[in-house]
Amino acid sequence: MGKKLAFGLGMISAAAYVVAKNMTPAEKKMVRDRVAQAATNVKETALKYDRYLHEYLASAEYQQQRQDWEARFMQAKQAARTAAETIREQVATGSKPETTPAIAREDLSESMTLSDSDDQLQDDIILKTMPTENGQPTETFYPNGQVAD
């Protein structure tokens with residue numbers, strides 16, 4: 001694959017060199033202007049999306065989501081730490097551990113139940129299934145609970 005890639009790049013470079021040598025100065029200027037315009041468009045697009053990202057990161061919505069994620073992470077971390085301490089204590093006292101790793105995972109998953117706000121978010125998505133002419137069902141996605149009739 002490396003040889004094919006090198007050969008292909010060599011061929012493209014040779015073709016570009018031949019074309020560049022046979023171009024008139026006006027054509028060279030036109031190509032240079034088009035490349036410069038394309039580069040400017042790419043830079044402007046990158047700056048636009050960078051601005052969107054910074055606006056989102058500064059928004060209250062993101063800050064609230066981040067606090068929720070951190071709270072869930074701390075909850076899971078504490079549940080794992082508690083399960084590990086329980087197992088260590090049972091092993092240290094010589095008793096048979098009542099909590100196995102599988103039970104600890106179940107306890108952890110039970111402690112990570114969805115909060116009311118998460119249930120509310122889940123209700124914002126609506127899927128509507130309708131049959132088509134050929135009998136194949138289609139699903140239409142309606143975000144934010146907006147159903148079209």
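Colleague: Before we start, what are the ground rules here?
Modeller: This is a predicted model, where local features need pLDDT of at least 70, side-chain atom pairs count only at pLDDT 80 or more, and totals for chains, interfaces and linings use all residues. Residues are numbered from 1 along each chain as its sequence is written, and side-chain values use heavy atoms, with hydrogens and water left out.

Colleague: OK, which elements does the chain have, and in what order?
Modeller: Five helices and two strands, running α-α-α-α-α-β-β from the N terminus. Helices (H or I, at least four residues) and strands (E, at least two) are DSSP runs, numbered from the N terminus.

Colleague: Where is confidence highest and lowest in the chain?
Modeller: Helix α2 (residues 25-58) is highest at a mean of 92, and helix α5 (residues 116-122) is lowest at 51. The chain averages a pLDDT of 79, with 64% of the residues at 70 or above. That score is the predictor's confidence in each residue, from 0 to 100.

Colleague: How do α2 and α3 cross?
Modeller: Their axes come within 5 Å and cross at roughly 60°, with α3 covering residues 60-92. The two helices are therefore oblique to each other. Axes are lines fitted to C-alpha atoms, for helices over the stretch in contact, and angles run from 0 to 180 degrees between N-to-C directions. Under 35 degrees counts as roughly parallel, over 145 as roughly antiparallel, 65 to 115 as roughly perpendicular and the rest as oblique.

Colleague: And which residues make the contact?
Modeller: Tyr56, Leu57 and Ala58 from α2, and Ala60, Tyr62, Gln63 and Gln65 from α3. Contact means heavy atoms within 4.5 Å.

Colleague: What does Leu57 touch?
Modeller: Tyr62 and Gln63, leaving out residues up to four places away in sequence. Leu57 is partly exposed, at 31% relative accessible area. Buried is under 20%, exposed over 50% and partly exposed in between (1.4 Å probe, protein chains only).

Colleague: Switching to rings: how many aromatic pairs are there?
Modeller: Three. Tyr62 and Trp69 have ring centres 6.4 Å apart and planes at 75°, so that pair is edge-to-face. Rings of Phe, Tyr and Trp (its six-membered ring) pair if their centres lie within 6.5 Å; planes under 30 degrees apart are stacked, over 60 edge-to-face and the rest tilted.

Colleague: Is Tyr62 buried or exposed?
Modeller: Buried, at 16% relative accessible area, while Trp69 is partly exposed at 47%. Ring pairs also link Tyr56, Tyr62 and Trp69 into a cluster.
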